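Welcome! Let us look at a protein together and ask, at each step, what lies behind the words used for it.

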Amino acid sequence: MPHSDGTVSITVNGAHKRVNAGLSLAELATELGLVPEKVAVERNLEVVPRSTLKDVRVEDGDDIEIVHFVGGGDHQKPIADDSWTVAGRTFRSRLIVGTGKYKDFAQNAAALEASGAEIVTVAVRRVNVSDPKAPMLTDFIDPKKVTYLPNTAGCFDAESAIRTLRLAREAGGWDLVKLEVLGEAKTLYPDMHETLRATEILANEGFKPMVYCVDDPIAAKRLENAGAVAIMPLGAPIGSGLGIQNRITIRLIVEGAGVPVLVDAGVGTASDAAVAMELGCDGVLMNTAIAEAKDPVMMAAAMRSAVEAGRLAYRAGRMGQRRYADPSSPLAGLI
């Protein structure tokens, strides 16, 4: 029965209310600041079809529950430009790919296109004088459209690395180069003494070396001070496919660096690339993980997506880690 003032007593989501008699459920929702089309209503333990909310009237003693979905969102904000810069040159793709181990140059070019990479590493090797008409990488990957990054793969001392890059600059005018000076053939770990020495000499000669190194924050800072324009710590031994084995030290390098940091070596599959980017690295360089995949072109596309996803996750900021459970659905407002 309505009260003498023309109101009725009802319970809404556990709270007692007095509302005007004859009020429809749709009007009740509107009065509460809700949009009837966006809520679900239960009246006395029975769900009221949304299409009838405007016809069903509240009565004295009604127990009403009004619910909606929480969490999520229905709009994706546009992603701002997320390019990166090394030695004054700006790139959109944060994936750098190599050009070795492919079946042929055509497969290499197809994988490059699928990866979306704008930089490729190239080894400096002797011209095949016995067959001057043999196919060359430049016939398939145009250095005018893709940035060539000459590297010193296979060099085991500073002198040979410096000599190689001087020849590379003479051949193509490149001063942005990738320096690696290896310590021994079994692990292909860098010789940091020779690497640091080569970095200093190359920087003094006007080169802009991106330097392969161990995952040591102190060594990384020394390379930066010596003139390295990017630090490239290994995630695991070259060609091993073991994934990122040293997340903490790579993270420390990222936090302390004043130049871009890119994981170089050790990536085996897409999740490894995502992990590298989630650590805050500016990019990832890989070769074997793509070239030795059963389908290199498909793997190149996977790596592209992984690098982009990892970068977005890093920018978004991961949730904090907890020892115990925390319900994803709120307990407040539980029916």
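The questions and answers below go through this predicted model one feature at a time.

Q: What makes up the overall division of the protein, and how far apart are the centres of the parts?
A: There is a domain 1, covering 7–68, and a domain 2, covering 84–316. Taken over C-alpha atoms, their centres are 64 Å apart.

Q: Why is Lys 178 called buried?
A: Buried means under 20% relative accessible area. Lys 178 has 4%, so it counts as buried. This residue sits in strand E11, residues 176–179, and an unreviewed UniProt entry gives it the feature "active site".

Q: Which residues are in contact with Lys 178, leaving aside its neighbours within four places in sequence?
A: Among them are Thr 121, Leu 149, Asn 151, Tyr 212, Asp 264 and Leu 285. Contact here means heavy atoms within 4.5 Å.

Q: Is Thr 121 buried or exposed, and how do you know?
A: Its relative accessibility is 6%. The limit for buried is under 20%, so Thr 121 counts as buried. Thr 121 belongs to strand E9, residues 119–123. Beyond four places in sequence, Thr 121 touches residues including Ile 96, Val 97, Gly 98, Thr 99 and Lys 178.

Q: How do you know that the residues of the "binding site" annotation gather at one spot?
A: The annotation, from an unreviewed UniProt entry, covers Gly 239, Ala 265, Gly 266, Asn 287 and Thr 288. They span 50 residues in sequence, but no two of their C-alpha atoms are more than 9.6 Å apart, so they gather at one spot.

Q: Why is Gly 239 called partly exposed, while Ala 265 is called buried?
A: Under 20% is buried, over 50% is exposed, and partly exposed is in between. Gly 239 has a relative accessible area of 41%, so it is partly exposed. Ala 265 has 8%, so it counts as buried. Gly 239 is in the loop between strand E13 (230–233) and helix H6 (247–256). Ala 265 is in the loop between strand E14 (262–264) and helix H7 (270–278). Not counting residues up to four places away in sequence, Ala 265 touches Tyr 212, Leu 234, Gly 235, Ala 236, Pro 237, Ile 238 and Leu 285.

Q: What makes H7 largely enclosed by the rest of the structure?
A: Seven of its nine residues are buried, so H7 is largely enclosed. The buried ones are Ala 270, Asp 272, Ala 273, Ala 274, Val 275, Ala 276 and Met 277. Their cover includes H6, E14, strand E15 (283–286) and helix H9 (296–316). Just after H7, Gly 280 has a positive phi of about 100 degrees.

Q: Why is H4 called roughly parallel to H5?
A: The axes of H4 (residues 192–204) and H5 (residues 217–226) come within 8 Å and cross at roughly 20 degrees. Angles under 35 degrees count as roughly parallel, so that is the word for H4 and H5. The crossing is right-handed. In H4, Met 192, Thr 195, Leu 196, Thr 199, Glu 200 and Ala 203 meet Ala 219, Arg 222, Leu 223 and Ala 226 in H5.

Q: How do H5 and H6 cross, and which residues make the contact?
A: Their axes come within 9 Å and cross at roughly 35 degrees. The contact is made by Pro 217, Ala 220, Lys 221 and Glu 224 of H5 with Thr 249, Leu 252, Ile 253 and Gly 256 of H6. The crossing of H5 and H6 is right-handed.

Q: How do you know that Ser 93 is buried?
A: The relative accessible area of Ser 93 is 15%, under the 20% limit, so the residue is buried. Ser 93 lies in the loop between strand E7 (89–91) and strand E8 (95–97). Leaving aside neighbours within four places in sequence, Ser 93 is in contact with Trp 84, Gly 116, Ala 117 and Glu 118.

Q: What makes the phi of Ala 87 worth a look?
A: Most residues other than glycine have a negative phi. Phi of Ala 87 is near 50 degrees, a positive value. Ala 87 is in the loop between strand E6 (84–86) and E7. Lys 101 also has a positive phi, near 75 degrees.

Conventions. Residues are numbered from 1 along each chain as its sequence is written. This is a predicted model: local features need pLDDT of at least 70, side-chain atom pairs count only at pLDDT 80 or more; totals for chains, interfaces and linings use all residues. Side-chain values use heavy atoms; hydrogens and water are left out. UniProt positions are given in the numbering used here, feature names are shortened, and annotations may be inferred rather than shown by experiment. Helices (H or I, at least four residues) and strands (E, at least two) are DSSP runs, numbered from the N terminus. Buried means under 20% relative accessible area, exposed over 50%, partly exposed in between (1.4 Å probe, protein chains only). Domain bounds come from an automatic or database domain assignment. Axes are lines fitted to C-alpha atoms, for helices over the stretch in contact, and angles run from 0 to 180 degrees between N-to-C directions. Angles under 35 degrees count as roughly parallel, over 145 as roughly antiparallel, 65 to 115 as roughly perpendicular and the rest as oblique. A crossing is left-handed if the near helix is turned anticlockwise from the far one by less than a right angle, and right-handed if clockwise.
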